[in-house]
Amino acid sequence: FGEAATPREDGTYAARLGDLRERMEALSMDRDAFVEVVLSDVPPRPANYEEIVATNLGRRATDDKEAFELELGPNNCAASADAMTSD
């Protein structure tokens, strides 16, 4: 994603892990540093987080109307491009 990624001629994204480690600071960090970087950028959970997780795991029945309403909430990614790349 972002400027750090360049598609190949066929439109796919692929690279050797060693090359990515050189370009992406997050991939060369030790485990503790990596976890700290990722967790420092985690947004707050949406108010309906528990319902979303239970629905996604199949532990909660959700009709189409309710599923649509759950999808209307914030779409918070756990890690952002800024946290994962040095660009």
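Val35 is partly exposed, with a relative accessible area of 33%; "partly exposed" lies between buried (under 20% relative accessible area) and exposed (over 50%), using a 1.4 Å probe and protein chains only. Select Val35 to begin the tour; this residue belongs to helix H2.

The model is predicted, so local features need pLDDT of at least 70 and side-chain atom pairs count only at pLDDT 80 or more, while totals for chains, interfaces and linings use all residues. Residues are numbered from 1 along each chain as its sequence is written, and side-chain values use heavy atoms, with hydrogens and water left out.

With Val35, they make a nonpolar surface patch of about 240 Å². Such a patch joins nonpolar side chains (Val, Leu, Ile, Met, Phe, Trp, Tyr) within 5 Å, from residues with over 30% relative accessible area and no salt bridge; like charges are joined within 9 Å. The areas come from the Shrake-Rupley method with a 1.4 Å probe.

How many of its 10 residues are buried? The count is 1, and H2 is hardly covered. At the start of H2, select Asp30 and Asp32: a side-chain oxygen of Asp30 comes to within 3.2 Å of the backbone nitrogen of Asp32.

**The whole chain**

Zoom out to the protein chain, which has 5 helices and 0 strands. Helices (H or I, at least four residues) and strands (E, at least two) are DSSP runs, numbered from the N terminus. Of the 87 residues, 11% count as buried. The chain exposes about 7,200 Å², of which carbon and sulfur atoms supply 50%.

Colour the chain by pLDDT, the predictor's confidence in each residue, from 0 to 100. The average is 80, and 78% of the residues score at least 70. Where pLDDT is low, the predicted coordinates should not be read in detail.

**The salt bridges**

A search of the whole structure finds 2 salt bridges. A salt bridge is a side-chain nitrogen of Lys or Arg within 4 Å of a carboxyl oxygen of Asp or Glu. Side chains of opposite charge can pair when their charged atoms come close.

Select Glu66 and Arg60, whose side chains meet in a salt bridge at 2.7 Å, N to O. Glu66 is partly exposed at 25% relative accessible area, and Arg60 is partly exposed at 27%.

Next, select Glu69 and Lys65, which form a salt bridge with their closest N and O atoms 3.8 Å apart. Both residues lie in helix H4 (residues 64-71), 4 residues apart, about one turn of the helix. An α-helix has 3.6 residues a turn, so residues three or four places apart point the same way.

**Helix H1 and the segment before it**

Move to Arg21 in helix H1 (residues 17-23). Arg21 is partly exposed at 43% relative accessibility. Leaving aside residues up to four places away in sequence, Arg21 touches Leu27 and Ser28, where contact means heavy atoms within 4.5 Å.

Finish at Thr12, in the segment before H1. Thr12 is partly exposed, with a relative accessible area of 36%.

Methods
Polar contact = N/O pair within 3.5 Å; in protein donor to acceptor, adjacent residues only side chain to side chain.
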